Every structure is written in C-alpha cells, then in structure tokens.
Amino acid sequence: MIELENVSYTYPHTVQTALHDLSFSLPQGKCILVTGPSGAGKTTLCLAAAGILHHEYGGKKEGTVTVEGKNVASYAGLSDLAQKIGIVFDDPEAQMIFTTVEEEILSALEHRGLEASVIEDRLASIMQVTHLSELRNRSPHKLSGGQKQRVALAATLVLGNDILILDEPTSELDEHATGRIVSILNTLKAQGKTILLIEHKFSHFKEIVDTIVVMENGKIRAAGIPAELLKDERLRKIVIPDFSGIRALKPVYKSSSPAPVITADPLISVQDLSYSYGDINAINGLNLAIRPGEFIAIVGENGSGKTTLVKHFNGLLTPTEGNVYIAGKNTRQCTITNLARDVGLVFQNPDHMFFADTVREEVEFGLKNIGIHNGDSVIEKALEEVGLSHTKDLYPRWLSRGERQRLAIACVIAMKPPAIILDEPTTGLDGNEARLVMEILKTLQQTGHTIILITHNREIAQYCADRVIMMEKGRVISDSARGAC
C-alpha cells in the first residue's frame, strides 16, 4: 500500500543525508516494525511514507513515494492523504491544541462529513478501547506523558484509516497500557489494517510483527522476519535491550564527582506528602526515606504519581500538605536554585532542558545558575564521563536522541548533586543506547551518587536497581530491595 523507491532526503540547512537511496514496501494487511539507533532516520522514514516530506518540508528530495498506487505528489495535500493514512508522532503533546480530551479526539472527525450518530458511536468506542473515558473532560496538557500518548493515539484511531503510521506510540506507556495498545493493533491488523510501527519494544509486539527493519545512518541495514533477523547477535542487541549484569558492573568511566559520605540518615525524607492538581489528588499521604548511595527504581502505571513525587525533590512542586526534606532542609524554605545543588533532574524529554547554541554552553548554563563560572575543567570532565567530548562545539539538537539523553545527564552531573533523578531515561533508545545510559548511571552510583529512576521497563528495575518502589494512585504500595519485582 506504500512504496518508497530510491528515496533520499536531506533536511534544509544541513549537508548530512537523513535518508539514503532507501527502497521500502509496506504491503496491505501487514505490520512492519522499524527500529535502530536514534538518528538512524526512522522518523524521517515515517514523514516520507506519509507524504509529509513532499508536501510540507523543503530540503533535497530524490526518489518516489506512492500510496495505494498513487504518487504522493499527485495528492492535493496532506488533508487528501489523511483520508488514507493516520499518523501518530513521537511527541504527543505537539499534536494537542484543544482544552479537553473529548474535544481533541472529536476534532479529528470534524471534516469527515459523518453523521452525528456515527461520530458519537466512534467517540464512545475509541474512548473505551483506549481507556480514556474517565479523562474525557480533563485538559490534555495536564495529563501524564503516557495519558497524552493515549489521547494522540485515540485521535488517530478514531478516523478508521486503512493505513496507520505510528512513531513510538508506547514510548511513555506503562506495561498495562502498552499491552492495551498491542491488543488494539492486533485487532486492527486482523481487520486488514496496514501498520508501519516505529518501536523499541519488539518483545511486546512480536506476535503481530511480520517484518523487522533495522535502520542505521539513513539506510536499511537489515530486514526480515523476526525469527531469522534476530539470529544475528549484533542486530539482536539493537532490537532487544539486555540489562543483565549491570548491577555488578565495574566502573566503565573515570568519574570526577566526589563520592558523598554514606550515612544512615536519609538524603531525602518525605513526610505525609499530599499534592493536588485542582480537584485531582495526585499524591495521598505518602511517606518515604531515601538514603545516600541508593539506586532506586520508581515504577507504576501512568498517572500513579511518580513524576509528581520527584518534582517535589527539586522544588518544581510545593506540597499541598506535608513536607519534603532534602539533606535536612525543608523544600518549602528553599529556592529551586538552592535545591539544584543537592538534586539534579533529567526530564523525560531531554529537549525540554536545552537552550544554548553548543553542547559546551549547555553544560555551562547549569553551572552558572548555581554560581560556578569558568568551569572549563568541570565541563570537560562531565562530557568525558558520558562519552560526548567530541560533540562540545555542536548544536545540541543536532545530536541523536541517545546523545541528547547523555548530554542531559552531563548537564546534571557537572553540578555534582548528591542525588540524580531521571524520568524514563531510555525512552526512544535502541538496545545498545539504553544499556550505555544504564552503565553510566551505575558508574555514578559507584562514585557515591544516589540514583532515582522512574521507569516502565521491568528489566531495568530487575537488573539495575537495588530497590524498587511501586506506586499506585499516589501511594507507595510496595518497597522491595535488590530489584525484586
């Protein structure tokens, strides 16, 4: 249903080819999973296959793209192509402009000429299968990352298109929500839908995937049925992350950070914490103690309060009730800048942290915020620790997703906080990149840092963390040692 023939593409104002002489076929009724390192060209492939590159982007284009036997250039525009193809991008928030979840989903049906009864039935059905009924009147912009992702997916699925292009639709979803999406796609495939899926969670989708395509440097390096392709050990490490053995890992980087003194006293103490977003209770009477040098994984379903909790550790949120103490200081009495000396936070999307024109200036920005100037040696060592010394003069957004994630970590460790919090740091990374990030974090723990990790990945919790805290409805429901989960 979609054919790419000898397609090459270079983005405006760049010289590096994003897609290089790429030929690709997406047959009717099949599910093809595309994976590979960040920066390999996966999202660009999606844009090409959907006709978006041709109709909306400049740059240098070569080759042909056809959808249902018709060249994308022959379509009147994206609205015409949208009758054939539904697409979900990897940044769900960028697709949302309305004030409620229901309006967001209904907006997709506005220009379809459907009868009111048909629209009502579709809305009710898609709300049910994506488990959004309870959120229908909520603002999409106040939802958790995983909830936003479900809204973006619902707005696409409600159209009923025969071709679906999904760019990491489960990257921010927990295990249960991912399972729901797999079930939905399995049903759609059984109905004859054609699916192009960009994903790093092959193990969840293995029952519906007909072909795996591995991309590197804008090219298709390998393609085949999963059972055959995964016999290649190099390809297997890209497709399936392996975190086994990381807990006992010896340091792989020379760290410049001084090891905090390990004591029995908590570094972070949470006492009867409650927090509400308006009339929504996100944290409910939570108590928790985190000691220096621990490697903690915080797990739980989307909306369970994980991100809300850790935002109290660096002052981004102030308790509605209760108190949070960092190194003995009540966060109510501290500024965000003061708390940054004790706690560093790496956001789920590293791009939300970047402001500067070069990698070096990005790391320097955080140092200046806490009053450290002329920190050349500190910057150099931080970049060395995460393997990015060679990128110091580059524009941060030119880096691959994995490199941007490591840059975000460098920005934090340069400030040498005793505690480092990371919200889903392996989202969007292939197996090799994800393992590299976890090796860096384990090394930081070995130098004395406290690592607090929010993750939906069971293997990370099992193999990397020394303690797993599970949350549900704003409460801690289990707290186990040695990665038992």
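Colleague: Is the crossing in which α15 passes α16 left-handed or right-handed?

Modeller: Please keep in mind that this is a predicted model. In it, the crossing of α15 past α16 is right-handed.

Colleague: How is such a pair of helices described in general, and what is the angle between helix α15 and helix α16?

Modeller: Two packed helices are described by the angle between their axes and the distance between the axes. Here helix α15 (residues 401-413) packs with helix α16 (residues 431-446) at an angle of about 15°, and their axes are 10 Å apart. Angles under 35 degrees count as roughly parallel, so α15 is roughly parallel to α16.

Colleague: Which residues of α15 and α16 meet?

Modeller: From α15 come G402, Q405, R406, I409 and I413, and they meet E433, L436, V437, I440, L441 and L444 in α16. Sorted by class, this contact of α15 with α16 has seven nonpolar, two polar and two charged residues.

Colleague: At what angle do the axes of helix α14 and α15 cross?

Modeller: The axes of helix α14 (residues 376-385) and α15 cross at roughly 140° and come within 9 Å. Because only angles over 145 count as roughly antiparallel, α14 is oblique to α15. The contact is formed by A382, L383 and E385 of α14 together with L407, A410 and I413 of α15. By class, the contact of α14 with α15 has five nonpolar residues, no polar ones and one charged residue. As for handedness, α14 passes α15 in a right-handed crossing.

Colleague: How do helix α13 and α15 cross?

Modeller: Helix α13 (residues 359-369) and α15 have axes that come within 8 Å and cross at roughly 35°. The crossing of α13 past α15 is right-handed. V359, E362 and V363 of α13 make the contact with L407, A410 and C411 of α15. Its residues divide into five nonpolar, no polar and one charged.

Colleague: Let us turn to pockets. What volume does the second largest pocket have, and how many residues line it?

Modeller: The volume of the second largest pocket is about 770 Å³. Its lining has 25 residues, and A82, I87, Q95, A108 and L159 lie nearest the centre.

Colleague: Which elements each supply at least two residues of that lining?

Modeller: Those elements are α3 (78-81), β6 (85-88), α4 (101-107) and α6 (145-157). By class, the lining of the second largest pocket comprises 15 nonpolar, seven polar and three charged residues.

Methods. Residues are numbered from 1 along each chain as its sequence is written. This is a predicted model: local features need pLDDT of at least 70, side-chain atom pairs count only at pLDDT 80 or more; totals for chains, interfaces and linings use all residues. Side-chain values use heavy atoms; hydrogens and water are left out. Axes are lines fitted to C-alpha atoms, for helices over the stretch in contact, and angles run from 0 to 180 degrees between N-to-C directions. Helices (H or I, at least four residues) and strands (E, at least two) are DSSP runs, numbered from the N terminus. Angles under 35 degrees count as roughly parallel, over 145 as roughly antiparallel, 65 to 115 as roughly perpendicular and the rest as oblique. A crossing is left-handed if the near helix is turned anticlockwise from the far one by less than a right angle, and right-handed if clockwise. Contact means heavy atoms within 4.5 Å. Ala, Val, Leu, Ile, Met, Phe, Trp, Tyr, Cys and Pro count as nonpolar, Asp, Glu, Lys and Arg as charged, and the others, Gly among them, as polar. On a 1 Å grid over the protein atoms alone, a cavity is a set of points where a 1.4 Å probe fits but cannot get out, and a pocket is an open set with protein on both sides within 12 Å along at least five of seven lines; lining residues have an atom within 4 Å of a point. Grid points are joined across faces, edges and corners, and a volume is the space filled by probe spheres set on the points.
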